[in-house]
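Please examine the sequence and the structure shown below. The explanation after them should be read with both in view.

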Amino acid sequence: MALPPLRRKRFDLPLAKDPTSRFLTWLTALMVYLAALSLAGALFVSDMARRWDTGLAGGLTVQIVPLPAGSATLNERTEAALTVLRSTPGIRSATALTTDDIGRLLEPWLGKEAADPLLPMPRLIDVVTDGPVDTTALTARLKSAAPGATMDDHAVWLADLRRFAGALHLAALAVVALIGGAGVMAVVFAVRAGLAIHKHVVELLHLMGATDRYVARQFESHVLSLTLRGGLGGLVLAVATLAGIGHAAAGLKASLLPTVTIDVWHLAILVVVPVVACLLAMVTARWTVLRTLESLP
Amino acid sequence: MIRFENVGLRYGTGPEVLRDVSFTLPPGSFHFMTGASGAGKSSLLKLMYLALRPSRGLITLFGRDMARLTRADLPELRRQIGVVFQDFSLLDHLSALDNVALPLRMGGAGEAEVVEHCTEILRWVGLGNHLHALPSTLSGGQQQRVAIARSVINRPRLLLADEPTGNVDDGIGMRLLFLFEEMHKLGATVVIATHNEALIRRFNHPRIHLENGRLHVMPAQSAHWA
């Protein structure tokens, strides 16, 4: 018996020579690239919001501003405020920030002069809670014990942050969904073009007893091989871009900006993008072929 | 095997190309189909290999009423029908072996079995040295033999051929008809549309004659008409 020569996977339909083939690979690469960047953006925003949330939730800040002469000194009022805070149920610790600490916090806005003792700097107390605190009653007690004291429970700030992060998330997901939609349309177009180009062959296979699934599998395999190549290319490009952005961002000293680093968890999520793109393309190809072949007798 | 009862066929809103066609082909029979160009031979063959549905009338194939079959039932029936198309309809990008292998692969045959059977049948039609040749490198007669090998590889219950000897010389034409005879002896029902009176006389089988969309069945002994 003659052995068949070694060869590549055989397709009954000569789809590899279609002009649509090349465009689908490049289009998939571009879409996976954009989707991966959008998803990475959403992940970084999520990390940033979580860090802010963790840093601010479960804490209060008490500020005691300098008052005109004749009032108790700033230190005396700070001590009084600390006494009130430490005796309040639900508060784990209350620590007054030193003038050096406050100077460092203000340095990005005031420069090195922020630590100048001549500046009328307020005193700040960092409060960590470990249970519910009646902030209204506490504020009243603080104002009574330490005139000029105000308290910020970060509620407004946190709510704004969460809303902002949520909006960014939704925007990123909308971008990914739009890219997915555009990808589906591209696959539908490519498959319909393939069916039109190879109409004669498809009809012949049909008459020879090929099931619709048999013909659809040919398109599925072809689309899978194209999108897999494009998807991997897009992913590699996206990871390289993120690494470049991370490298550039590492030089910045703006602590409010998120750290752009790709850890294993991020990479695992990004790898899902081309996988989902390939599966979506396969399902779309199958659906398009099956729908189109319904018109044959 | 095949029964047509008052079958009519029209394309779109055009006139009927087949009118009140009624005949029965018993299992294992062998018929030639004759008729002038435009008489409806190709249309009748298309109805037989399920490429068309009749406009009216009843077709029973392998004991099954075609009107009651769903679309999903048809591929399995089509795989029991071998067809030799007038233009061969070979796939240009596939080798002779892969062309012949199509019906087997569609039926889910294993690759070793596919290669063995296709090699054997291609040798039988004299193309043992052209297993991996593309159709474009083969002559018209060789392409026709590939098409015939493809139509019989599945051992079909019904074998239909549209002018199978149209592009070959008499010697090869005779050899191909002997191949159809072999399939007939193995139990296949055979219908061959042809204009070749010499072949019809040589093989002496009944004839289905189409004229102006109407059909007449002539027994074998009457097949020597001019």
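The model is predicted. Chain A is divided into two parts: domain 1 comprises residues 15–54 + 165–293, while domain 2 covers residues 58–153. The C-alpha centres of domain 1 and domain 2 of chain A are 52 Å apart.

We turn next to a pair of helices. Two packed helices are described by the angle between their axes and the distance between the axes. In chain A, helix H5 spans residues 155–197 and helix H8 spans residues 264–293; their axes come within 9 Å and cross at roughly 45°. On the side of H5(A), the residues that make the contact include Gly180(A), Gly183(A), Val184(A) and Val187(A). On the side of H8(A), Ala277(A), Leu280(A), Ala281(A) and Thr284(A) are among them. Sorted by class, the contact of H5(A) with H8(A) has 10 nonpolar, five polar and one charged residues.

The last topic is the contact between the chains. Chain B contributes 20 residues to this contact and chain A contributes 16 residues. Which elements give two or more residues to the side of chain B that touches chain A? They are helix H2 (74–78), helix H3 (96–106) and helix H4 (111–124) of chain B. H3(B) gives the most to this side, with four residues. By class, the side of chain B that touches chain A consists of 11 nonpolar, four polar and five charged residues.

Methods: Residues numbered from 1 in each chain as written. Chains lettered and ligands numbered in written order. Predicted model: local features only at pLDDT ≥ 70, side-chain atom pairs only at ≥ 80, totals over all residues. Domains from an automatic or database assignment. Axes fitted to C-alpha atoms, helices over the stretch in contact; angles between N-to-C directions. Contact = placed C-beta atoms within 7 Å. Nonpolar A, V, L, I, M, F, W, Y, C, P; charged D, E, K, R; others polar.
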